[in-house]
Amino acid sequence: MTSADTLAKLASSLLDGSIRVVDCAAPLGPDTPLLKLPPELAVDTPKIEIHPISKYNDTGPWWAWNWLKLGEHSGTHYDAPHHWVTGKDFPDGSVDTIDPQAFVAPANVIDCAAEAAADNDFLLTADAVKAWEAEHGEIKAGEWVLMRTDWDQFNTDEDKFLNADGEGMPHTPGPDQGCIEYLMEKQALGWGTQCIGTDAGMAATFPVPFPAHNLLHKNNRYGLASLVNLDKLPPKGAIFIANPLKIVEGTGSPVRALALVPA
Ligand code: 23J
Ligand code: MN
């Protein structure tokens, strides 16, 4: 089969519904949960604002349009290498310079929903990833690795989504350092989660703080956060489309992440 044949098959499969498009993005608006960092660490990203310019009225009789106030790292979003100091020098490390070939790639979906429900601080390890590979097949270079936790069920409630304790420490699942080290050895394209960020809630306290951010971006690789509907994806076989806005020197961007899956 030539690549033209492959695309023709994809075209007919999209039209006849045998390949479905799963929406992996959460609604983006004033109620979108946003990261809260410890006050001594930094300034937070601002709440999202949507301001009408006109709505078929005296400021625009025939048209409606809005302007937005929006942090790059808001809602379902993409982390570029320039987001972290370890990735700051890559010439192709901002959203406007990344090769678009990387915006469409196969996805491995590792189901950690039961573990995350039993322990909100659950950490995925390299050994657990290897066990997953033994069952489902190897993770290949250039593929996304997505951690399914079903945390998207909390995406409409910021308190539940962040799950902070009395001291403000968030308790959400994520990868440990060894997990990301292993994925970088495998030359994975990047790492995505259903929580507010690519790192676990307690990752500020890890020996290497924020290992997902630190190591992904040190390796010129990418992150995805606040993904939804990963429970609708197979462990292997989905094609993931995650293309950030072409923000000049942008460190990240909201994305309408989509997955192509067999019906
Ligand atoms: C800034 C500092 C720490 C973190 C983050 C941003 C994110 O999670 C993000 O949106 O990339 S953990
Ligand atoms: Mn981010």
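Let me begin with the salt bridges, counted here as a side-chain nitrogen of Lys or Arg within 4 Å of a carboxyl oxygen of Asp or Glu, a rule under which the count comes to eleven. Before the individual pairs, please keep in mind that this is a predicted model, in which local features need pLDDT of at least 70 and side-chain atom pairs count only at pLDDT 80 or more, while totals for chains, interfaces and linings use all residues. Side-chain values use heavy atoms, with hydrogens and water left out, residues are numbered from 1 along each chain as its sequence is written, and chains are lettered from A and ligands numbered from 1 in the order in which they are written.

One of these bridges joins the side chains of D23 and R256, with N to O at 2.8 Å. That pair links distant parts of the chain, 233 residues apart, since D23 belongs to strand β1 (residues 19–23) and R256 to the loop between β12 (252–254) and β13 (258–262); strands here are DSSP runs of E, at least two residues in length, numbered from the N terminus. As for accessibility, where buried means under 20% relative accessible area, exposed over 50% and partly exposed in between, with a 1.4 Å probe and protein chains only, D23 is partly exposed at 26%, whereas R256, at 56%, counts as exposed.

A second example is K69 with E49, whose closest N and O atoms are 3.7 Å apart. Here K69 lies in strand β3 (residues 60–69) and E49 in strand β2 (residues 49–57), 20 residues apart, and both K69, at 36%, and E49, at 28%, are partly exposed.

K88 and D89 also form a salt bridge, at 3.3 Å between the closest N and O atoms, with K88 partly exposed at 46% and D89 exposed at 62%.

Turning to the aromatic rings, how many pairs does a search of the whole structure find? The search gives six, where rings of Phe, Tyr and Trp (its six-membered ring) pair if their centres lie within 6.5 Å, and planes under 30 degrees apart count as stacked, over 60 as edge-to-face and the rest as tilted. For Y78 and F103 the centres are 6.0 Å apart and the planes stand at 85°, so this pair is edge-to-face. Y78 sits in strand β4 (residues 77–79) and F103 in the loop between β4 and β5 (104–111), 25 residues apart, and both residues are buried. Ring pairs link Y78, F103, W144 and Y222 into a cluster.

Conventions:
Helices (H or I, at least four residues) and strands (E, at least two) are DSSP runs, numbered from the N terminus.
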